[in-house]
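Hi,

Here is the structure I said I'd pass on. Have a look first, and my notes follow below.

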Amino acid sequence: PALARGYHEKVISHYEQPRNVGSLPKNDVDVGTGLVGAPACGDVMKLQIRVDENGVISDVKFKTFGCGSAIASSSYVTERVKGLSLEEAENITNNEIAKELCLPPVKRHCSMLAEDAIRSAIKNYRSKRATASNPKQAGF
Ligand code: FES
Ligand code: FES
C-alpha cells in the first residue's frame, strides 16, 4: 500500500499505538534498566524488564525519545521478549527487528538501538542480582 514515505504498515501500527510504553520501578531488585543512545542521531531509548523467579521476562516497559522507527523497534521488541528467558532475549538481533518491521537501510541504526536497549537491560539486571547476592558489595 502507498503509505507515506514508503514505511511499512507494521512500523506505522507500532508507531501510532506503541505497546508497553511506561516505566518499571528501577530500584526493584527484579527489574533491569537499559538506557542507550544512538550516536548517529542522538535518539535515546530506555527499556526495562522485570524477571520472575524462573528467569523469565514477565514485564517490559519502554520510553523512547526518537524517530518513528526507533519507537516502532522498541515497541516491537517489548512484545517479542515478554515470556522469554534472558538467554533467548539476548539472542534477538537488530536484523530480526529491521526485517520484521521492513525498515529501510537508513533506519538500521534505529533497530540497533532496540537491540542495545534489551541487552543493556539484561546486563543491568544481572549486575543487580550479583550485587544483591553478595552483601559485601551491596553498600556500593
Ligand atoms: Fe533523530 Fe531519528 S534522527 S529522530
Ligand atoms: Fe535515530 Fe531512528 S533512532 S533516526
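In what order do the elements of the protein run from the N terminus on? The order is α-β-β-β-α-α-α-α, with 5 helices and 3 strands in the protein. Helices here are DSSP runs of H or I with at least four residues, strands are runs of E with at least two, and both are numbered from the N terminus.

Some housekeeping: this is a predicted model, in which local features need pLDDT of at least 70, side-chain atom pairs count only at pLDDT 80 or more, and totals for chains, interfaces and linings use all residues. Residues are numbered from 1 along each chain as its sequence is written, while chains are lettered from A and ligands numbered from 1 in the order in which they are written.

On the whole protein: the C-alpha atoms fill a box of roughly 60 × 30 × 25 Å along the principal axes. Of the 140 residues, 31% count as buried (20 or more other C-beta atoms within 10 Å of a residue's own; exposed is 12 or fewer, partly exposed is in between, and C-beta atoms are placed from the backbone).

After H4 comes Cys102, with a positive phi near 55°.

Cheers
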